[in-house]
Amino acid sequence: MTIKKSSTKLSQAAIIKHIMKRCSSIGRKQQQHYDDVPKGHFVVYVGDNRSRYVVPISFLSRPEFQSLLNLAEEEFGFDHDMGLTIPCQEQVFESLTSFLRF
């Protein structure tokens, strides 16, 4: 299922629910890649090299992280088998997530 932009924009809660469902289904398909993910966290891939990051689910409620999710939706959509990919430079992502941890 691809989330498409339309005149009736989906709520942030619906988008987050879709992302979490997508992340959990990927984890079931490729369990060996997600054994190190603690409960309450999920995996994203960032940058040109698709570096893997494990981030807390609590980030999903932060407007700064939601902006990154909107970029991901616009660039890649959410219906692919590549995992949740964030289209930004790793340095920018690391800076943002270090700020969000406080």
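This is a predicted model: local features need pLDDT of at least 70, side-chain atom pairs count only at pLDDT 80 or more; totals for chains, interfaces and linings use all residues.
1. One of the salt bridges joins the side chains of Arg52 and Asp36, with an N to O distance of 3.0 Å. This pair links distant parts of the chain, since Arg52 belongs to strand 2 whereas Asp36 lies in the loop between helix 1 (12–29) and strand 1, 16 residues apart. Arg52 is partly exposed, because its relative accessible area is 32%, while Asp36, at 51% relative accessibility, counts as exposed.

2. A salt bridge also brings together the side chains of Glu64 and Arg62, at 3.7 Å from N to O. Glu64 counts as partly exposed because its relative accessibility is 28%, and Arg62, with a relative accessible area of 24%, is likewise partly exposed.

3. The largest nonpolar core has 18 residues, of which Val44, Val55, Phe65, Ile86 and Phe93 touch the most other members. Two or more residues come from each of strand 1 (41–46), strand 2 (51–56), helix 2 (63–76) and helix 3 (90–100), and helix 2 gives the most, with 4 residues. In soluble globular proteins, nonpolar side chains tend to be buried together.

4. Val44 deserves a separate look. Leaving aside residues up to four places away in sequence, Val44 touches Ser51, Arg52, Tyr53, Val55, Phe65, Leu84, Ile86 and Phe93. Among these contacts is Arg52, the residue whose side chain meets that of Asp36 in a salt bridge.

Notes
Residues are numbered from 1 along each chain as its sequence is written. Side-chain values use heavy atoms; hydrogens and water are left out. A nonpolar core is a set of buried Ala, Val, Leu, Ile, Met, Phe, Trp, Tyr and Cys residues joined through side-chain atoms within 4.5 Å. Buried means under 20% relative accessible area, exposed over 50%, partly exposed in between (1.4 Å probe, protein chains only). Contact means heavy atoms within 4.5 Å. A salt bridge is a side-chain nitrogen of Lys or Arg within 4 Å of a carboxyl oxygen of Asp or Glu.
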